[in-house]
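Subject: The structure you asked about

Hello,

Here is the structure, ready for you to open next to your own notes.

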Amino acid sequence: MKGYIHSIETLGLVDGPGIRVVIFMQGCDKRCKFCHNPDTWKCNVGNTMTPKEVLDFVLKYKNYFDNNGGVTFSGGEPLLQKEFLLETLKLLKDNGIHTCIDTAGVIGSDEILDYVDLVLFDIKALEANKYKDLVGTNIKENIDFLDLCQKKNNKLWIRQVIIPTINDNISYIKQLGDFIKKLNNVEKVELLPYHTKAIPKYKRLGINYPLDGIEDMDINECQKLNNLLLDYINDKNT
Ligand code: SF4
């Protein structure tokens, strides 16, 4: 069994706790307008690795993980390669390595959720029509996956990209806060500032850039919204 891997980052600090090996998997069925990895979209292309090859690679970095580091599967959408992912998660668990998946949610992932230690769940939009417009697929799969995480008591980090003129407003932040308040097992909430660094990639790939004209999200403004969101979730001053 082999998985299609786009690339591997060995000392990742932002995709989960501690120092992590981040495995960017190839393939995604969504088309988020703000995606900065359009080069991961195509399925079944690129380098392949077996679960054992991934384990052997990761073991070389185990000393850096300390107590809370480990491996994060990102992409692309890692849950599109379920069999490979499941087998690899099992091997990593047997070797005492902490695992995360960074996902927008794919149905039929029950067994994977039994083995993964932490889910980095990407919220894209909260309303069906806005989700469809921004992501290109149906919000139901996203919500069904989150419901499954709740049933299985998976630990969650919630992430949302903040995009100027689309969702960088207080009313959306409160809507997001109300949504998150109803969830269990949320360990962290992160708003990520939208950036335009991927535009050259789109040009190289010959894909029209869907958010042409929208500027980078100001990092400080994004941090302010993040603080507001956390205060709102914790019922402070809002
Ligand atoms: S789910 Fe992730 S990889 Fe797929 S299009 Fe959206 S941002 Fe890009």
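In what order do the 8 strands of the open sheet run? Before the answer, please keep in mind that this is a predicted model. The order is β3-β1-β2-β4-β5-β6-β7-β8, and the pairing is mixed. At the edges sit β3 (47–49) and β8 (186–193), each of which pairs on one side only. From one strand to the next, the twist averages 30°.

Strand β2 (residues 20–25) and strand β4 (residues 70–74) are joined by 5 bridges in the parallel sense, and Val21 has Val71 in β4 as its bridge partner. β4 and β5 are parallel too, with 4 bridges between them. A handy landmark for that pair is Gly70, which stands opposite His98 in β5.

Met25 is worth a click while you are in strand β2. Is Met25 buried or exposed? Met25 counts as buried because it has 27 C-beta neighbours inside 10 Å, and the cut-off for burial is 20 or more. Met25 and Ser74 are 49 residues apart in sequence, yet their C-alpha atoms are 6.0 Å apart in space.

Next, strand β5 (residues 98–103). Here 6 of the 6 residues are buried, so the strand is largely enclosed by the rest of the structure. In a regular strand the side chains alternate between the two faces of the sheet. In β5 both faces are covered: His98, Cys100 and Asp102 are buried on one side, and Thr99, Ile101 and Thr103 are buried on the other.

Between Gly105 and Lys155, which are 50 residues apart along the chain, the C-alpha separation is 14 Å.

Now to a helix. α5 (residues 139–151) has 13 residues and reaches 19 Å from its first C-alpha to its last, close to the 18 Å expected at 1.5 Å a residue. Which residues of α5 are buried? They are Ile139, Asn142, Phe145 and Cys149. These residues cover an arc of only 130° around the axis, so they lie on the same side of α5. An α-helix has 3.6 residues a turn, so residues three or four places apart point the same way. On the face turned away from the buried side, α5 carries the exposed residues Lys140, Asp147 and Lys151.

Finally, the ligand. Which residues surround the ligand? They are Cys28, Lys30, Arg31, Cys32, Cys35, Asn37, Thr40, Gly75, Gly76, Glu77 and Ala104. Sorted by class, this shell has 4 nonpolar, 4 polar and 3 charged residues.

Happy browsing, and do write back with any questions.

Best wishes

Notes. Residues numbered from 1 in each chain as written. Predicted model: local features only at pLDDT ≥ 70, side-chain atom pairs only at ≥ 80, totals over all residues. Near = placed C-beta within 6 Å. Nonpolar A, V, L, I, M, F, W, Y, C, P; charged D, E, K, R; others polar. Pairing = 2+ DSSP bridges. Helix = DSSP H or I, 4+ residues; strand = E, 2+ residues; numbered from the N terminus. Axes fitted to C-alpha atoms, helices over the stretch in contact; angles between N-to-C directions. Expected span 1.5 Å × (residues − 1). Buried ≥ 20, exposed ≤ 12 C-beta atoms within 10 Å, placed from the backbone. Arc of directions from axis to C-beta.
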